[in-house]
Amino acid sequence: MTTELDIRPVGGRIGAEVAGVTLSADLDQPTLSAIEDALHRYKVLFFRDQAHLDDASQEAFAARLGDPVAHPTVPVRDGSSYLLELDSQHGGRANAWHTDVTFVPAYPKASILRAVVSPASGGDTAWANTAEAYARLPPPLRDLADTLWALHTNAYDYAAAKPNASAAQIERHRNVFASTVYETEHPVVRVHPVTGEPSLILGQFVKGLVGFSTADSRRIYDTLQEHVTRLENTVRWRWRQGDVAIWDNRATQHYAVDDYGDQHRVMRRVTLAGDLPVSIDGRPSRAIRPAPATAIAAE
């Protein structure tokens, strides 16, 4: 038995709105399977008018799609088990392209994000299709990417990445986000465990390419990253309170646009435990810091 969803593509290469579905832990399995199939196809799904969800029901729904997992360093919201709050008044602004938590080996497979407070203007989120970006690389560049590995870390230079950050934001990054330093080597190209599609693992947490100088790493990284974020490979969502987005974290990057000034924006996110990425030639990602046994326990 299968369920047909009312799917309305948003971008030409990524993103679709799903209408007529009320998200909850009580959804039947055929509907959940249809959502998962659509997620693998469109990479990010949007659900309007889900204001009935609260923290507990968001977590309960997420648990139907996988195993919820807490962020390795940022504390969960009070009263929840796994939920991360992104509050613009408390440092919750992430205006950089990234894939969630790639600084650990088995980073999350998916995220479920709910809009709690939306600004009247601005505050959109954009997503990029990293599988489509890989598929459209010129063949010689694709061949190079297949051989590359990158070191990902949460201890990047926050002040350099965000030159307008306040002293409080820089301190919070150091004392909370980077309270435990993680470093992981990932293949630049991973194979999706469900679809078999190769996709690029890049984004904000890349410190450098293994075996390359800092300067050469930056040039190669910039070239590949520019292919990911080409406008043709992206979709942008205008949030309303109660909206929910679900994205495949193994085949996307995203960017929360910080253009809403002093307006308040609150988002709450649940992530689902992922699998260890595997390269084109079958080699798995590996923890560098902390020692592998400690890193696995922290996920």
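A residue is termed buried when its relative accessible area is under 20%, exposed when over 50%, and partly exposed in between, with a 1.4 Å probe and protein chains only. The structure is a predicted model, in which local features need pLDDT of at least 70 and side-chain atom pairs count only at pLDDT 80 or more, whereas totals for chains, interfaces and linings use all residues. Residues are numbered from 1 along each chain as its sequence is written, and side-chain values use heavy atoms, with hydrogens and water left out.

Phe-103 counts as buried because its relative accessibility is 0%. Tyr-182 is likewise buried, with a relative accessible area of 4%. Rings of Phe, Tyr and Trp (its six-membered ring) are taken to pair if their centres lie within 6.5 Å; planes under 30 degrees apart count as stacked, over 60 as edge-to-face and the rest as tilted. Helices (H or I, at least four residues) and strands (E, at least two) are DSSP runs, numbered from the N terminus.

A single aromatic cluster is formed by Phe-46, Trp-127, Trp-237, Trp-239 and Trp-247. Phe-46 lies in strand β3 (residues 44-47), which is covered on both faces: Val-44 and Phe-46 on one side, and Leu-45 and Phe-47 on the other, are all buried. Two strands are considered paired if DSSP finds at least two bridges between them. Strand β3 runs parallel to β2 (residues 16-19), to which 2 bridges join it, and Ala-16 stands opposite Leu-45.

Strands β9 and β17 are joined by 3 bridges, and Glu-185 has Arg-286 of β17 as its bridge partner. The charged end of Arg-286 also sits over the ring of Trp-149, 4.4 Å from its centre (CZ of Arg or NZ of Lys within 6 Å of the ring centre and within 35 degrees of the ring normal).
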